[in-house]
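Thanks for coming. I'll go through one structure today, starting with a peptide bond and ending with the annotated sites.

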Amino acid sequence: MAQSPWSRTVVCAATGLALITPLLLRRGISAHLTGIDPYRRTPSETPPSILSTAEIGDLASLPEVTPSQRLDAAPRDLAARGTAGVIAHNRQPVHVYAAPAAPAIAWLAPQQNGIDTWLPVIDQQPGWVQVLLPSHPGDASGWIRAAELDLTVTPYELRLHRRSHRLQLFTNGNLARSWKAWPGTSETPTPAGRTFLLAGTPDGAPARVLALGMHGATPSACTGSLGTVAIHSAVARAGDRAPDCRTCIRVPPEAMDALTRVRLGSLVRVYR
């Protein structure tokens, strides 16, 4: 079985013999989504520190944070307010906690399908940050040690108003663009709350899709991950939606032109 792109190897020479231990096989969203960074950012050239055998075993005993994984122990994010635009990335696998200094509930990989994963920071305590997670349920969050993260700021935020069918793009707190949008259906509405841009399709793909870190009530053929909500180009009629993409957000093609340039990790707020 082929190893995943970001599998890690640890060499232990304590007995004079090399012990090679793969970390874990990667699980994540469909190959349809590559997580391409709209800024075409070059990945950090600084290699991550090598994990010890004990650390690998500890991580292997925990569930991995992925769009297909359910984390019932994760604290729920019930807020709808904005953030300061701070986003976080871990250069190597890290533990995720339900609260600072509490027992670990999961582990987070540094990449989704070969590109850095950036998560929005929603709270902070000395030495810790709380981030939104892409796992089930759709409002899952977790705490990570700040020392294990790279932090930066995105100027973008998206706001979807389900009732008025408007999608707004804010830059540095100012309304930059606004489009007509078709969020879900009456039977399967796009979930309200806050989430983030998780991944996107590569240039030249037959259909452009932006996966979010939230989940709806139906499977999703467009992302390959159960229930993952995505942003698509609009269809002619609501009835043209695929049965397994009914919670997704449809927007005009010109909106996709702008949205594919928004930085991954940027906050997305969905209002009822």
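**A cis proline, and what follows**

P137 sits in the loop that joins β9 (128-132) to β10 (141-145). Helices and strands here are DSSP runs, H or I of at least four residues for helices and E of at least two for strands, numbered from the N terminus. The peptide bond from H136 to P137 is cis, with omega near -10°.

Before going on, the basis. This is a predicted model, so local features need pLDDT of at least 70 and side-chain atom pairs count only at pLDDT 80 or more, while totals for chains, interfaces and linings use all residues. Residues are numbered from 1 along each chain as its sequence is written, and side-chain values use heavy atoms, with hydrogens and water left out.

Staying with the backbone, two residues have a positive phi although neither is a glycine: A101, at about 70°, and H165, at about 55°. A101 is in the loop between β4 (94-97) and β5 (104-108). H165 is in the loop between β12 (156-161) and β13 (166-171). For accessibility, buried means under 20% relative accessible area, exposed over 50%, and partly exposed in between, with a 1.4 Å probe and protein chains only. A101 is exposed at 69%, and H165 is partly exposed at 29%.

Next, the sheet. Nine strands form an open sheet with mixed pairing, in the order β14-β13-β12-β20-β16-β17-β18-β19-β15. Two strands count as paired if DSSP finds at least two bridges between them. Which strands stand at the edges? They are β14 (174-180) and β15 (182-183), each with a single partner strand, so one side of each has no neighbour in the sheet. Within the sheet, β16 (193-200) and β17 (209-215) pair in the antiparallel sense over 3 bridges. L197 has L212 in β17 as its bridge partner.

Last, the annotation. UniProt, in an unreviewed entry, places the feature "active site" at H232 and C248. UniProt positions are given in the numbering used here, feature names are shortened, and annotations may be inferred rather than shown by experiment. H232 belongs to strand β18 (228-233), whereas C248 is in the loop between β18 and β19 (249-251). Are these residues buried or exposed? H232 is buried at 7% relative accessibility, and C248 is buried at 1%.
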